[in-house]
Amino acid sequence: MTEVDKTSAKVKIERVAGVDPITQIAYISSDRPGGYSQWQPEPGKDAFEVSAELAAAAVESGGFRVTEDSRVKLKPKKGGE
Amino acid sequence: MGTPASYKWLIGSTKTEGNFGVAMASADLTDWYKIKEADFSQMDTTFESDEDEINGYVGGTLYTVQERKGTMARKAKASIELITWALGEMLGNVTSSGATPNYTQTIKWRNVCAVNPPSFSFVEGEDCVGQTATNWLYKGVVINTLTLEFNGKGPGALTLALMHDGSETAQPSVVFPVPAAAFAVNKLFGYHLTTKLGPLGTEDITPLLRSWKMTINSGIVEPPSMAAGVLVSEYQYGPKNPKIDIEISLKANKGHAIYGYYQAAAPTVVKHISALTINTNRSITLTQSSCIVTAIAKPSGNEVNLDIKVMEQHNAIDGGPGAFVCKTGFANLLQNSP
């Protein structure tokens, strides 16, 4: 499973084909401590460069994945898997 | 002259305040949802007096406004649109997907790091000739409790308890929609409800339902604040809130399996799914993947009823005690305004 490197400033994500297009994602952002920030991805656009915080929420939604060149620093799983 | 029957209120179904207490743009406050009572917004003022000082008189004499805040209620016939809006404004954790005209909002419990619920603004007034001075804007509004209740086949009753930041701003130029232009909603009736409750989550108890009630409480608190001015500067979720309670009355007795779930030495963990469905594209489904029930048998006319309470159990599947999937015409909720 792809994990987002939350230390990265910007992460490239792309829409996952075959699922309902995501139109809104709520995420916790350092810009708005204590509350949710809302992101409405531009309809019809498939690739985005977003903050690591948003990328994590986008991937969790199931509607996005991290693009190959942003798929960095995967955390090693316990037990050496 | 204005009348209670002329009372209207306007919200923005898909909008929210970008920052607490900063009023939404008037252009975004255009959706009139019909409600059942003219519950005028109340302003509560805390006065500080000098009655605890020796002031030359007996009792208090000087009053200073220390703080202002406000409350109001909204009682409406349940609809998919108003419930979805309210759930979004309460929980904030919304993921939307889909394409015109059918969208899905997945609304989950607030993240453990979320402290402040979303806030919104609205306008209310008496829509009669010459009564523009009754039109006021309220801001910094949060939803404290949501109650949704169905009894038999009748229309669902939605009750919201709201709190605002204590300000009232005149809006004489607002134009309320004419009756035919009320926001179009899909009203929900008791016969739209299906409920499954059991270890598998497939045990359909719909044919036995007598009543169903959901209460979500955000336990809103106002932390002590020294921010400038007398208005509320912040509302927060209460500790360990929001909470959800489900109360179901069922045509069943102590012989029913649900009583056994409660009676067992180690109470059975069950799954609860309640769906309000108008059609495949307009529905609200609550899933509680893990919960415990209590059951009390009582007479009701000529039958025995089980009064069931579903006790929330936070779990990883739902990301909280439950998750809502709302199928609506809203492309997204909670867009910042202005």
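Student: In β6(B), which residue is the bridge partner of Ile22(A)?
Tutor: This is a predicted model, in which local features need pLDDT of at least 70, side-chain atom pairs count only at pLDDT 80 or more, and totals for chains, interfaces and linings use all residues. Residues are numbered from 1 along each chain as its sequence is written, and chains are lettered from A and ligands numbered from 1 in the order in which they are written. Strands (E, at least two residues) and helices (H or I, at least four) are DSSP runs numbered from the N terminus. In β6(B), Ile22(A) has as its bridge partner Ser97(B).

Student: How many bridges pair β2(A) with β6(B)?
Tutor: Two strands pair if DSSP finds at least two bridges between them. β2(A) and β6(B), residues 93–99, pair in the antiparallel sense, and the number of bridges is three.

Student: Which element gives the most residues to the side of chain A that touches chain B?
Tutor: Contact means C-beta atoms, placed from the backbone, within 7 Å; 15 residues of chain A are in contact with 21 residues of chain B. The elements of chain A that give two or more residues to this side are β2 (22–28) and β3 (36–39). With six residues, the element that gives the most is β2(A).

Student: What is the bridge partner of Met214(B) in β14(B)?
Tutor: β13(B) also pairs with β14(B), residues 243–251, in the antiparallel sense over eight bridges. The partner of Met214(B) in β14(B) is Ile246(B).

Student: Is Lys240(B) buried or exposed?
Tutor: Lys240(B) is in the loop between β13 and β14 of chain B, and has a positive phi of about 60° although it is not a glycine. A residue is buried if 20 or more other C-beta atoms, placed from the backbone, lie within 10 Å of its own, exposed if 12 or fewer, and partly exposed in between. Because Lys240(B) has 8 other C-beta atoms within 10 Å, it is exposed.

Student: Is Leu334(B) buried or exposed?
Tutor: Leu334(B), in the loop between β18 (323–328) and β19 (335–337) of chain B, has a positive phi of about 60° although it is not a glycine. Because 26 C-beta neighbours lie inside 10 Å, Leu334(B) counts as buried.

Terms used: Two residues are in contact if their C-beta atoms, placed from the backbone, lie within 7 Å.
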